[in-house]
Amino acid sequence: MSIVYVHGVATRNNGPDYQQHLDGIKTLLDRYVSPVISNGCKVFPAYWGNLGATFAWDGASRPRTVLRGQGAGGPVITNLDRALTVASVDSAAVPAAPAPRPASVLVPAGPSTSGPPAPSSLRLKDLRPDQLSDLLATTVVEQSSDPLLRAKLIIAADEVAHDPATAPRLAACANAAEEFEALRKMLEDRKVPMLAAQGTGLWSKIVDRVSETVSRVDSSPAYALSTVLGEIRPALNDAVTLFIGDVFTYLDARGDASNPGEIPRTIIDTLREAKLAAPGEPLVVLTHSMGGQLVYDLVTYFLPHANSDLRIDFWCATASQVGLFEEMKRFPASDPAYSKATGKKVPYPDSRYLGGWWNVWDHNDFISYTAAPIIEGVDDEPYDSGVAVTQAHGEYLMRPSFYRKFADKLTQAKQRNWGRP
């Protein structure tokens, strides 16, 4: 099976991270997605980062001030959400749990860095397999800088979380401390060849980090979360700046139907290469962020105007802004006849060029958008990572739970013969 991966903004291949990122995605696709369609999965990266934005002053316009004191307003979140958020940042940026206080003290006097951790109502035995997998995956991402090793560790952790023996083993533990020791043993028993060069203590570090995270989630969560928010300004500045830059660059250089720009041509060439590599199998596309707008332009404008023989049988768009761009009528195929004022949704792309379309967005990802209220027939749903906004935009691609759902969607699409006319 061929899967074309179209990256989003702020992606450049001038270092080892890009190839390692692709290797990590391919490893997860091989494990969870490929088996539902065929044996073996070849990923074709449609790389367009070299055609993205450049900055004459190296981004000097971005403020370097760290934003603090933002308060604790916002929706109520669960203990698991708190755990995922705390696990998604460097532990040094999150305050230690306050020491236990007498019942008569209503407000903790402040954080304590000594003494035993405060008891938490979050127990591993109460988590569903996918929740335990997500908590471990988020912690693995922090503990390992090698994307391919991360993918291997995440798969191993996911297998432990979904092992039928795990739940009863955790349920038999008398307290959280026993749970963590049991989890550590189960993870260490899961052989990961790549761990040989990392030493024997990496699983212990991951479990220790999970334990530390769980000990903090119930203790002064407002203080913890506001401290986390105080760390996000620089990372968010970087993400939004590159997002805006790459978007403007694409819109300016997109070209038209008779003369597509370099970026659309790059995606079309990659699709054709992938199709030729597996002519009898479905063509699947996975996009991230701005990659969604590029593919939407292809299936609604460039391919139809060229009367192309290319067809995307299934498209998974993660963290895209397709709905937003269509609301602003920023696509060549956009038509003012479709709007809330007219009461007409935008028609689904022509089935000659697109089969299934699964649009995935995250409540915590402030630059991902829903498309269902705007465009007819989109399979549109949230994927709740529960992590901080600095990680949410890319967290989809590092979660086994996402790839499991992706595989389910492909199975359903196959049963519908890929929506072929």
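**Exercise 1.** In which kind of crossing, right-handed or left-handed, does helix 6 pass helix 7?

*Solution.* This is a predicted model, in which local features need pLDDT of at least 70 and side-chain atom pairs count only at pLDDT 80 or more, while totals for chains, interfaces and linings use all residues. Residues are numbered from 1 along each chain as its sequence is written, and side-chain values use heavy atoms, with hydrogens and water left out.

Begin with the two elements, helix 6 (residues 176–189) and helix 7 (residues 202–216), which pack at an angle of about 150° with their axes 9 Å apart; helices are DSSP runs of H or I with at least four residues, numbered from the N terminus, and axes are lines fitted to C-alpha atoms over the stretch in contact, with angles from 0 to 180 degrees between N-to-C directions. Because angles over 145 degrees count as roughly antiparallel, helix 6 and helix 7 are roughly antiparallel to each other. Finally, helix 6 passes helix 7 in a right-handed crossing, meaning that the near helix is turned clockwise from the far one by less than a right angle.

**Exercise 2.** Locate Asn-307 and state its phi and its exposure.

*Solution.* Asn-307 is found in the loop between helix 11 (291–305) and strand 6 (312–318), strands being DSSP runs of E with at least two residues. Although Asn-307 is not a glycine, its phi is positive, at about 50°. With a relative accessibility of 59%, Asn-307 counts as exposed (over 50% relative accessible area, with a 1.4 Å probe and protein chains only).

Terms used:
Parallel < 35°, antiparallel > 145°, perpendicular 65-115°, else oblique. Buried < 20%, exposed > 50% of the residue type's maximum accessible area, 1.4 Å probe, protein only.
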